Amino acid sequence: IPGYEFSGYVVSAPFLSPFKPGAQVYGHTSFDSQGNARPFTVAQFIELAVQPTLLSWEQCAAVPMSALTAFQALFDQDLLKRPERKEHWTPMGKGMLPEPNRKKLTLITGAATPVGTWAVQLANRAGAGHIVATCPARDVGFVRALGGAHEVLNERAEGDLTQWRRSKFHIVLDCAGPADNILQAAWAVVQPYGKIVSVVARASDHRPAHGVEPGVATGYSLVGPAPDELELISSLLDQGLLHGQLDKANIFDIADYARALDRLRNPAARGKVVLRV
């Protein structure tokens, strides 16, 4: 059964559950589970959070896995420092954002992917000093409209990152992977003792033989359950500080499963495909 993220009502819960029957929740279940494209599914407490009130069911279902992947890659992998308190993420608390973040030159590749769209927004909200986002040429306008990135570049254009080779980036979050040599090329623009983390592949497996500065650290981020992080994401969405992206053309009833799969395989389709059960 496909689908590891979902939104829905709690139907039944143990006595000690923080989520009582009738609660509207969303989350993502373990990759060892059966999946969630079914009328009833099962989740653990740590896989759930109360869903944002301003988003539709379909929009909520498209959030958990990608948003948490971006969050954990940025903050659990120490690319940026996580703001200590919830109110520090807001415009009113901007002065309380971690000082080290303001000095970071940040590169996010694959910024139009489901993870990349969240990464750009979260890095901005955490106070990253300068964010450069890359994506295919057809998506440049989309990423600019998201807000958050200070510059948006065509990741497949030769030389677009050449201007950064003198100063180079402190940190790189790769959401594009090795296709079109994007991950390999990103190594060349990391400054000495900077860090590159990928959510697609192990960055160390795609390190080029030449042109890498000394001391560059690497990481590979896999998503895991984190209810406190998902609750924070819900709060930021409800305050309008983050924005979910779901194309209405990507929403299908379960009876149209075959069409949904075709949409998923379409290279022109952007973002998540959601099934209504």
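**View 1. Ser234 and its partners from elsewhere in the chain.** Setting aside neighbours within four places in sequence, Ser234 is in contact with Tyr26, Val50, Gln51 and Pro52. Contact here means heavy atoms within 4.5 Å. Ser234 sits in helix 7, which covers residues 227-238. Helices (H or I, at least four residues) and strands (E, at least two) are DSSP runs, numbered from the N terminus. Is Ser234 buried or exposed? Ser234 counts as buried because its relative accessibility is 5%. The cut-offs are these: buried is under 20% relative accessible area, exposed is over 50%, and partly exposed is in between, with a 1.4 Å probe and protein chains only.

A word on reading these views: this is a predicted model, in which local features need pLDDT of at least 70 and side-chain atom pairs count only at pLDDT 80 or more, while totals for chains, interfaces and linings use all residues. Residues are numbered from 1 along each chain as its sequence is written, and side-chain values use heavy atoms, with hydrogens and water left out.

**View 2. The whole protein.** The protein has 8 helices and 11 strands. Its C-alpha atoms fill a box of roughly 55 × 45 × 30 Å, taken along the principal axes. Among contacts with a separation of 6 or more, 58% come from residues 24 or more positions apart.

The protein exposes about 13,600 Å², and carbon and sulfur atoms supply 53% of that area. Accessible areas come from the Shrake-Rupley method with a 1.4 Å probe; for residues, only the protein chains shown count as cover.

**View 3. Met65 and Leu68 in helix 2.** Helix 2 spans residues 64-76, and Met65 lies in it. Leu68 belongs to helix 2 too. Met65 counts as buried because its relative accessibility is 17%. For Leu68 the value is 2%, so Leu68 counts as buried as well. Which residues does Met65 touch, leaving aside neighbours within four places in sequence? They are Tyr4, Glu5, His28, Phe31, Val223 and Lys272. With residues up to four places away again not counted, Leu68 touches His28, Val223, Gly224, Ala226, Glu229, Leu230 and Ile233. Met65 and Phe6 are 59 residues apart along the chain, and their C-alpha atoms are separated by 9.4 Å. Leu68 and Arg102 are 34 residues apart in sequence, with 22 Å between their C-alpha atoms.

**View 4. Pro2, ahead of strand 1.** Pro2 lies in the segment before strand 1 (5-9). Pro2 counts as partly exposed because its relative accessibility is 36%. Apart from neighbours within four places in sequence, Pro2 is in contact with Gly35, Asn36, Ala37 and Tyr257.

View 5. Cys135 is in no disulfide, and the nearest cysteine sulfur, that of Cys175, is 12 Å away. Seen from Cys175, the closest cysteine sulfur is in Cys135, and 12 Å is too far for a bond. Cys135 is buried, with a relative accessible area of 0%. Cys175 counts as buried because its relative accessibility is 6%.

View 6. Most residues other than glycine have a negative phi. Now look at two residues that do otherwise. Asp180 has a positive phi, near 60°. Asp180 is found in the loop between strand 7 (169-174) and helix 6 (182-186). With a relative accessibility of 52%, Asp180 counts as exposed. Where is Tyr193 placed? Tyr193 is in strand 8, residues 190-198. The phi of Tyr193 is near 65°, again a positive value in a residue other than glycine. Tyr193 counts as exposed because its relative accessibility is 65%.

Notes
A disulfide is a pair of cysteine sulfur atoms within 2.5 Å.
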